[in-house]
Amino acid sequence: MGKRDFARARHVAFFDAMATELPGDYAPQEVNHLTLGYFAVGGLSLLRELDRVNKDEIAKWVLSFQVHPEAHCDEDNGSFYGFCGSRSTQFPLPNVKDPCHNGSHLASTYSALALLKILGYDLANIDSKSLLLSMKKLQQPDGSFMPTHIGAEKDLRFVYCAAAICSMLDDWTGMNKLKAKEYIFNCQSYDGGFGMVPGSESHGGGTYCAVAALHLMGFVQVDLASNLRESTSIDIHMLLDWCLQRQVIDGGFQGRINKPSDTCYAFWVGGILKIIGAYHLIDHYALREFLLTCQSPYGGFTKFPHNRIPDIYHSYYGLAALSLLEEEGLEPLCVELGILSAAL
């Protein structure tokens with residue numbers, strides 16, 4: 001069987017369309033506009049087609065979502081001064097007693113900063129002082145993070161977001177790294193993977209969040225020999241074994257045991273192996289073949305092979321996974337931040 005072709009032109013057309021106007025089916029995700037923008041613009045950047053968008057206009061749009069302390073609001077009032085996910089989250093919620101309301105969210109803040117980095121915007125120009133001081137208050141006594149100051153679930157996703165935010169801003173005053181490390185260690189399961197919270201089932205996304213955050217904080221090295229040799233509180237041997245077992249017979253990666261392979265886990269689990277220096281141990285050819293069977297005839301990628309309708313989430317991570325495989329025509333990726341390396 002010959003090599004499948006990477007349908008670059010169709011992917012460019014798909015991401016160009018997504019960056020211009022999102023389909024109506026995305027309307028229910030209105031509160032995630034920044035994240036959707038990150039996927040659309042990030043996809044074009046990986047395809048080396050960023051000149052198709054107006055970078056200054058998009059940067060201006062992203063910056064309009066940052067919340068700043070108002071004159072009558074004390075910076076120590078408990079609010080988080082990050083980025084809202086959309087216009088609607090900038091308005092007060094009913095029945096929420098919050099005189100200085102803002103809907104800032106850690107995931108939206110991560111997406112905003114990643115977008116700005118991709119666009120080449122100098123993050124020194126944003127109000128990082130109030131962002132980081134207020135973000136630190138989202139960290140819980142066990143080291144985890146809530147995503148917003150009005151309360152929500154706390155798990156590894158938001159520990160990762162906090163670490164990525166500090167890394168992109170080059171300022172670690174926004175979190176207690178040792179507390180965060182302790183929380184991450186407590187999330188490693190008996191099988192070597194990481195659950196989203198302590199005691200939960202190992203999951204590819206949660207494991208990526210754990211390992212990428214530890215790497216950003218300086219607790220995981222970039223080469224496998226050092227990670228295996230050095231004594232840390234996470235079990236690298238079991239982690240490696242768990243990750244390698246996630247590549248299944250069709251060449252793709254599953255996110256959990258006994259689940260089908262899924263486009264996005266080629267990035268989430270493949271990214272873990274890349275970070276710890278073990279990416280060479282997987283079957284690259286089989287993974288590429290799997291990913292190319294997930295290409296939609298309309299451009300973009302689907303969740304599972306041979307489906308037809310793409311979505312922007314799996315499309316971005318399909319490209320990201322192929323970038324890790326060094327696919328011709330794609331930009332190299334900074335795996336621990338999820339953005340192209342040239343943006344750093």
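This report walks through a predicted protein model, from its overall build down to a few single residues.

Some ground rules come before the tour. Residues are numbered from 1 along each chain as its sequence is written, and side-chain values use heavy atoms, with hydrogens and water left out. Since the model is predicted, local features need pLDDT of at least 70 and side-chain atom pairs count only at pLDDT 80 or more, while totals for chains, interfaces and linings use all residues.

**The whole protein**

The protein's secondary structure comes to 13 helices and 2 strands; here helices (H or I, at least four residues) and strands (E, at least two) are DSSP runs, numbered from the N terminus. The radius of gyration is 20 Å, close to the 20 Å that the globule rule gives for 344 residues, so the protein is as compact as a globular protein of that length. That radius is taken over C-alpha atoms, and the globule rule is 2.2 Å times the number of residues to the power 0.38.

How much of the protein is buried? Of its 344 residues, 57% count as buried. Buried means under 20% relative accessible area, exposed means over 50%, and partly exposed is in between (1.4 Å probe, protein chains only). The accessible surface comes to about 14,800 Å², and 52% of it belongs to carbon and sulfur atoms. Those areas come from the Shrake-Rupley method with a 1.4 Å probe; for residues, only the protein chains shown count as cover.

Now for contacts, meaning heavy atoms within 4.5 Å. Take those between residues at least 6 apart in sequence: 67% of them join residues at least 24 apart.

As for charge, the protein has 27 positive and 38 negative side chains, and the centres of the two sets lie 2 Å apart. Lys and Arg count as positive and Asp and Glu as negative, whereas His and the chain ends are not counted. Each charge is placed at NZ of Lys, CZ of Arg, CG of Asp or CD of Glu.

In helix α10 (residues 236-244), the buried residues are I236, L239, L240, W242 and C243. They cover an arc of only 165° around the axis, which puts them on the same side of α10. The arc is that of the directions from the helix axis to the C-beta atoms. A handy bit of background: an α-helix has 3.6 residues a turn, so residues three or four places apart point the same way. What covers these buried residues of α10 includes α8 (204-216), α9 (224-229) and α11 (265-275).

Helix α12 (residues 284-293) is mostly covered, with 8 of its 10 residues buried. Its buried residues are A286, L287, R288, E289, F290, L291, L292 and T293. Their cover includes α11 and α13 (312-324).

**Pairs across the chain**

Here are some residues that are separated in sequence, with their C-alpha distances.

| Pair | Apart in sequence | C-alpha to C-alpha |
|---|---|---|
| L34 and G85 | 51 residues | 5.4 Å |
| T35 and G85 | 50 residues | 7.4 Å |
| A164 and E336 | 172 residues | 8.1 Å |
| S189 and H203 | 14 residues | 9.7 Å |

L34 sits in helix α2 (residues 33-46) and is buried, at 0% relative accessible area. Leaving aside neighbours within four places in sequence, its contacts include W61, F65, F83 and G85. T35 is in helix α2 too, and, with residues up to four places away not counted, T35 touches A107 and S111.

A164 belongs to helix α6 (residues 156-169) and is buried at 0% relative accessibility. Beyond its neighbours within four places in sequence, A164 is in contact with Y110, L216 and L337.

S189 lies in the loop between α7 (177-186) and α8. Is S189 buried or exposed? At 17% relative accessibility, S189 counts as buried. Not counting residues up to four places away, S189 touches F194, S200 and S202.

**Two residues with positive phi**

Most residues other than glycine have a negative phi. H306 has a positive phi, near 65°; this residue lies in the loop between α12 and α13 and is exposed, with a relative accessible area of 62%. E326 also has a positive phi near 65°. E326 is found in the loop between α13 and β1 (333-334) and counts as exposed at 67% relative accessibility.
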